Amino acid sequence: MSGQKIQAPKGVSEYVPGRSNAFEFVRNSLIAPAKRAGYQLIELPVFEDTELFRRGVGESTDVVSKEMYTFEDRGGRSITLRPEGTAGVMRAVIEHGLDRGQLPVKLWYAGQFFRAERPQAGRYRQFYQVGIEAIGLDDPAIDAEVIAIADSGFKSLGLRKYRLEMTSLGDTASRAAHRVDLLKFIEGLDLDEATSERAKMNPLRLFDDKREEMKKAMLGAPLLMDYLNAESKEHFKKVLGYLDQMEVSYVLNPRMVRGLDYYTGTTFEFVHELLGAQSGIGGGGRYDGLMQALGGQSLSGIGFGLGVDRVLLAAEAEGILSEDAFASDLYIIPLGEPAKEMALKIAKDLRNVGKIVEIAFGDRGLKGSMKAADKIGATYVIVLGDSELGSATVELKHMKTGESSTVKIASLQQHLKP
Ligand code: HAM
């Protein structure tokens, strides 16, 4: 049977050899600091009851109103592919009673998320996030630690051209006071119908309007930061103080608007300078009412989601990912049957001590195999023939420099890069 080639659905990110090592490296680098701070893995389904996101993320958001992949399953239930991670984590924390033990509950996750957005560079319909959530305590030191964990991930990759933007959305009382004045201000603007509808649902969204005339019109709008009550102000001040202590630099952005409705208090975004329109490489904040809105007890929480696809693009744009980091340590070319047996044994032993070792299979001869070694970018190559087997020594050739040295097979391990 033959037919037309089938392609991946529009706007999904996928990683195949050539780039998948770099993707894996970025993902693991972003996870590592969370593990070192005692966060534990939570592995959740990629689809959930649609109601979870309606209630958790908010009907007024683009994510819920326009971008969800929602379908009816075979039992007639409304199911949605997760557009973000926090609501699902909270659902699971409540369902498993994790909030009945030691607080804060500290969780990390990594995986695919789905939003039906208009695809463009750095904006996909299936994308990959690494996230953490710390649930159950209001301590501003946790806010600072969460932010510092994200920052360490970026720093460990060597990223430099990004900034951390910070704001506080205050508590319910602060937000209510600001909302009254903001709505008054907006009434005085000459808005088209759609914009004024948006303003009614959530007036803060107007700060996110990308149109020049709207940006201008919003210049004089009252800012939430100026409405923080004493408690919210004190909390935020402490967070900034702790960040200073840890030497995590930030800028204040009182006009920040996050795309999800659950945020309260400390809110932040990491923005990369070389990524153009889709410059947000990560973001997060507090969500003090979320657990209760999902039927749990009244506990606060804070967390972040980092966009692994975008962090990879950022790392590539900064030129900080070295190909060598992913190269095989050794490529073994066996010539003849006894050599092949020996190659399998050498490879097995070296792999057992952590080396990346490949063998030239298929009896392609010396020339073909050397070409293959070059193609896969192996650091060293050895050729095993009758004389090498006889002397138990090999010529260890460094592929880039072309230099080679005679080495005992038994001591190969010491000569490979550490
Ligand atoms: P978010 O800001 O919607 O937050 O997403 C976090 C990150 O995911 C973004 O900064 C971006 O890097 C990446 N991202 C989002 N949408 C796309 C897309 N369509 N294509 C590629 N990358 C994308 C959240 O999702 C919250 N759950 C974060 C959080 C956790 N807040 C508290 N806890």
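## Surface and overall size

The protein has an accessible surface of about 21500 Å², and 51% of it belongs to carbon and sulfur atoms. Accessible areas come from the Shrake-Rupley method with a 1.4 Å probe; for residues, only the protein chains shown count as cover. This is a predicted model: local features need pLDDT of at least 70, side-chain atom pairs count only at pLDDT 80 or more, and totals for chains, interfaces and linings use all residues. Residues are numbered from 1 along each chain as its sequence is written, and side-chain values use heavy atoms, with hydrogens and water left out.

The C-alpha atoms fill a box of roughly 90 × 60 × 45 Å, taken along the principal axes. Of the 418 residues in the protein, 48% are buried. Buried means under 20% relative accessible area, exposed means over 50%, and partly exposed lies in between (1.4 Å probe, protein chains only).

## Make-up, contacts and charge

The protein has 15 helices and 16 strands. Both are DSSP runs, numbered from the N terminus: helices are H or I with at least four residues, strands are E with at least two. Take the contacts in the protein with a separation of 6 or more: 70% of them come from residues 24 or more positions apart. Contact means heavy atoms within 4.5 Å.

There are 53 positive and 58 negative side chains. The centres of the two sets lie 3 Å apart. Lys and Arg count as positive, Asp and Glu as negative; His and the chain ends are not counted. The place of a charge is NZ of Lys, CZ of Arg, CG of Asp or CD of Glu.

Two strands pair if DSSP finds at least two bridges between them.

S3 joins strand S4 (residues 78-81) through 4 bridges, and the two run antiparallel. Thr70 stands opposite Thr80 in S4.

## Strand S9 and its partners

Strand S9 (residues 264-272) is mostly covered: 9 of its 9 residues are buried. Strand S7 (residues 162-168) joins S9 by 7 bridges, running antiparallel. Strand S10 (residues 280-286) joins S9 by 6 bridges, also antiparallel.

Glu165 stands opposite Glu269. In S10, the bridge partner of Glu269 is Gly283. Strands of a sheet pair through backbone hydrogen bonds, either parallel or antiparallel.

## Strand S14 and its partners

In strand S14 (residues 380-384), 4 of the 5 residues are buried, so S14 is largely enclosed by the rest of the structure. Strand S12 (residues 330-334) pairs with S14 in the parallel sense over 5 bridges. S15 pairs with S14 in the antiparallel sense over 2 bridges.

Tyr380 of S14 links up on both counts. Leu330 has Tyr380 as its bridge partner in S14. In S15, the bridge partner of Tyr380 is His398.

## Ser404

Ser404 is found in strand S16 (residues 404-408). Ser404 is partly exposed, with a relative accessible area of 45%. Leaving out residues up to four places away in sequence, Ser404 touches Glu395, Leu396 and Lys397. The C-alpha atoms of Ser404 and Val381 are separated by 9.3 Å, and the two residues are 23 apart along the chain.

## Backbone details in loops

A cis peptide bond joins Leu103 and Pro104, with omega about 0°. Pro104 sits in the loop between helix H4 (86-95) and strand S5 (105-114).

Glu247 is not a glycine, yet its phi is positive, at about 55°. Glu247 lies in the loop between helix H9 (230-245) and strand S8 (251-252). Glu247 is exposed, with a relative accessible area of 70%. Ala392 also has a positive phi, near 55°, in a residue other than glycine. The loop that holds Ala392 runs between helix H14 (386-391) and strand S15 (393-398). Ala392 is partly exposed, with a relative accessible area of 34%.
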